[in-house]
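Morning, everyone. Please have a look at the structure on the screen, and then I'll walk you through a few parts of it.

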Amino acid sequence: MSNRLINVLVPVISIILGLLVGAVVMLVSGYDPVAGYIALWNGIFGDAYAIGETIRQISPYILAGLAVAFAFRTGLFNIGVEGQLIVGWFAAAYVGMAFELPKIIHLPLALLAAAAAGAIWGLIPGLLKATLKVHEVIVTIMMNYIALYVVNALIKVLANGGFKTEKIHDTASLRSDFLSELTDYSTLHYGIFVALLMVFVMWFILEKMKLGYELKSVGFNENAAQYAGMSVKKNIIMAMLISGAFAGLAGAMEALGTFGNMSTRAGFTGIGFDGIAVALLGANTPLGVVFGASLFGSLKYGANNMPNAANIPIEIVSIVIALIIFFVASGYIIRVGLQRISKKKEAK
Amino acid sequence: MEYVIEMLNIKKKFGTFYANNNITLQLEKGEIHALLGENGAGKSTLMNVLFGLYQPDGGEIRVKGKKVDITDPNVANDLGIGMVHQHFMLVENLTVTENIILGSEPTKMGMLNIKDSAKKVAEISKLYGLDVDPHAKIEDISVGMQQRVEILKTLYRGAEILIFDEPTASLTPQEIDELIRIMHKLIEEGKSIILITHKLQEIMSVSDRVTVIRKGEGIGTVITAETNPEELATLMVGRQVTFKTEKGPSHPTEEILKIENLVVTDYRGIEKVKNLNLSVRRGEIVGLAGIDGNGQSELIEAITGLRKVKSGKIIMGDKDVTNKNPRHITENGLGHIPQDRHKHGLVLDFSVGYNAALQSYYQKPFSANGLMNYKEVTKHANKLISDFDVRTQGEHELARALSGGNQQKLIIGREVDRNPDLLIAALPTRGLDVGAIEFIHKRLIEQRDNGKAVLLISFELDEVMNVSDQIAVIYDGAIVDTVTPAETSEQELGLFMAGHNKSEIVEGNDGAVLKEGDDDHV
């Protein structure tokens, strides 16, 4: 079996296996898996509206995935994408609401505010890691909680005790009548282009810039980077800044595109944590993140259709979706299995 | 004659490349049989075939005359074949006994039975004179002792045939003597040994017969007593090799490195360099001789800016570079071939090309305005590859995929190509074969002849004697004496290295010494 064939077969078999095991779960629970999967398919691709919503859902996943992947590439585990996303969301919502400016200034300013807020939230663990060797995983986890409750408090202040900020001005909005009409009045907005632009930015930094060469050196081998005269500290700080900025922009998708404001939250959005899986599914490459995010985004959005169209309770749906992703992520096992089979064939 | 192992016409193919092509090796009972070949000649592949890690694509293996199919290492174990790996497979924070029983832990009613095992380990240790404490933790014992644990592990599992893979690569001269004694003892007790090495002296002193392979092909088997190092080297490399490095007299001029009363501590805060004074001039090679762990690593790290200096001064040219950062010192004219090429010298997951630019990537033409110019990086890499004979599939190949010798050539190329005023070469030939060593020595002498200075750190006395113009002997963090090769002998250097005519040998120094330098054997 050639390597190329294996590379194609692995994801295909992974998804099929995931679907099969998911079907067993539905059967055992007394639901019709065929109806369930038809509902899932329709939920993702069924009509223009579904497609629009799916793409809308994918945008923040791409950015969250980029944030995690970028940090991974430089040897850091940024588990704080969730918190960076929340502060980014808030910053964008605030700038979008508080200022009145022409669109050409207002929208970029709001995006920039989100990126800056995320970057600062990433900078703190970066600084602590670089100067005091505090492990970034601990700090970023705690920063997530701080972000969640600080932002909740700020929203209440802004809303005079209410639970959500005022809507942003149109001049700061990513909403697009054109995209919306194209997709049967879905909430699809320009955010997907921001996300794809950032995919390019990450690729450009890592593959074209001097900074990328240094970041990757530090990520692969800190000692050799130090030997080559690079500042390990500076690179750790830069990596967390950039990673945080990507995460902040993921928040801007929600603030300026999907919701147009921010409400107090009882818990995390989950997008930041799913970003870890997205990055790993995409092997931490910019393009891989797009694929990982597409899988995550479509399953997450399409699954919403399963309770309505096939009467499958949302709990079962969550299990099925998790199983599919689980099998895709364990592609390694399938790869090894395939190689065993082809080896045995050769031996004969 | 009875053969305990016969590997007949073994073939092993990777893709279209034959790593082994028709290699025959026959091991007699009770002999030490050396397997000689350059780095990348296919020695390890052949042994991995024997040990069941690879399946041969042709040929057959016989154990005691019976054809066998060694499908995995467990089969090899059952056939009494044991391997002492070059990079030890030991768990640092477990004890000797725990490491030895790992994988086949004996139990008594479901509980781990360490006591009996420890007793058995102690017995075997005594029988073969290994002198290993079954209860010592691996992290607390020396590299030489760790190797004996590896030997014990194979004996414990009933090995009759022991494969030693480059066993002396990380040992001190004393430990090597000890190892040779142990190997003879093993033979006395009826074991047979295959010794993989590219060190000719070792082969001459311990082996009974030698099988030579070159570029994957079996060249033949000779009886050690009927050959000599020159003949072996020619067989191995395929051409005449000069052992005595040719060089003219040195013409030293002004001082380029001056170290005054230097004190450097290690990571625990213990002083490893103590009031050291050293001077290196343009146009000379100063060899720093000494046993591993006498402060060499800390000294190099201090000069190159990788470690902070506690007190004293390091002056390069006319500038004080004490406690400056590595880049500052590099730009001041330093080239550095680090002692651990995997830890400091290379980013193994970078391509050869990226590694070739590691010290100069931030300068023109490799980058400008924050952007890399990878075209120039590639061009530069290709130049180094051809100038320094780095055998690689191309500049895009990962550094990890290169053999040790070629990794080292890449580093040397990168450092020498920048034409530094002072080149620090730390163990530049460690683990390399004679061909590569010859090449590297020539390059060092070339630097000297071009009016540059070289500081060579080596644990190999003949390397220091051959290449240096001045020999400074380091012991316990200070220079004992500085002599020229002409006015000294290996015996005298050996005494200096042991601290003689300076003070009494410090009791128990051995243990502390050996803790160093074992970074890559974890």
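Let's begin with two helices of chain A. Helix H3 covers residues 48–73, and helix H4 covers residues 81–98. They pack at an angle of about 130°, and their axes are 10 Å apart. One thing to keep in mind: this is a predicted model.

What do we call that arrangement of H3(A) and H4(A), then? The word is oblique. The crossing of H3(A) and H4(A) is right-handed.

Which residues make the contact? From H3(A), we have Ala64(A), Ala67(A) and Val68(A). From H4(A), we have Val81(A), Gln84(A) and Leu85(A). Sort the residues of this contact by class, and you get 5 nonpolar, 1 polar and no charged.

Now zoom out to the whole of chain A. How many helices and strands does chain A have? There are 16 helices and 0 strands.

What about the inside of the chain? Buried residues are 50% of the 348 in chain A. Now take the contacts in chain A with a separation of 6 or more. Of these, 80% come from residues 24 or more positions apart.

Next, the place where the two chains meet. Chain A puts in 14 residues, and chain B puts in 22 residues. On the chain A side, helix H9 (210–220) and helix H10 (222–227) each supply at least two residues. H9(A) gives the most, with 5 residues. By class, the chain A side has 7 nonpolar, 5 polar and 2 charged residues.

Last, some backbone details in chain B. The peptide bond from Lys364(B) to Pro365(B) is cis, with omega near 0°. Pro365(B) is in the loop between helix H12 (352–356) and strand E19 (367–368).

Then we have two asparagines. Asn9(B) has a positive phi of about 45°, although it is not a glycine. Asn9(B) lies in strand E1, residues 3–14. Asn419(B) also has a positive phi, near 55°. Asn419(B) is in the loop between helix H14 (404–417) and strand E21 (422–426).

Are they buried or exposed? Asn9(B) is partly exposed, with 14 other C-beta atoms within 10 Å. Asn419(B) is exposed, with 12.

Technical notes:
Residues are numbered from 1 along each chain as its sequence is written. Chains are lettered from A and ligands numbered from 1 in the order in which they are written. This is a predicted model: local features need pLDDT of at least 70, side-chain atom pairs count only at pLDDT 80 or more; totals for chains, interfaces and linings use all residues. Axes are lines fitted to C-alpha atoms, for helices over the stretch in contact, and angles run from 0 to 180 degrees between N-to-C directions. Helices (H or I, at least four residues) and strands (E, at least two) are DSSP runs, numbered from the N terminus. Angles under 35 degrees count as roughly parallel, over 145 as roughly antiparallel, 65 to 115 as roughly perpendicular and the rest as oblique. A crossing is left-handed if the near helix is turned anticlockwise from the far one by less than a right angle, and right-handed if clockwise. Two residues are in contact if their C-beta atoms, placed from the backbone, lie within 7 Å. Ala, Val, Leu, Ile, Met, Phe, Trp, Tyr, Cys and Pro count as nonpolar, Asp, Glu, Lys and Arg as charged, and the others, Gly among them, as polar. A residue is buried if 20 or more other C-beta atoms lie within 10 Å of its own, exposed if 12 or fewer, and partly exposed in between; C-beta atoms are placed from the backbone.
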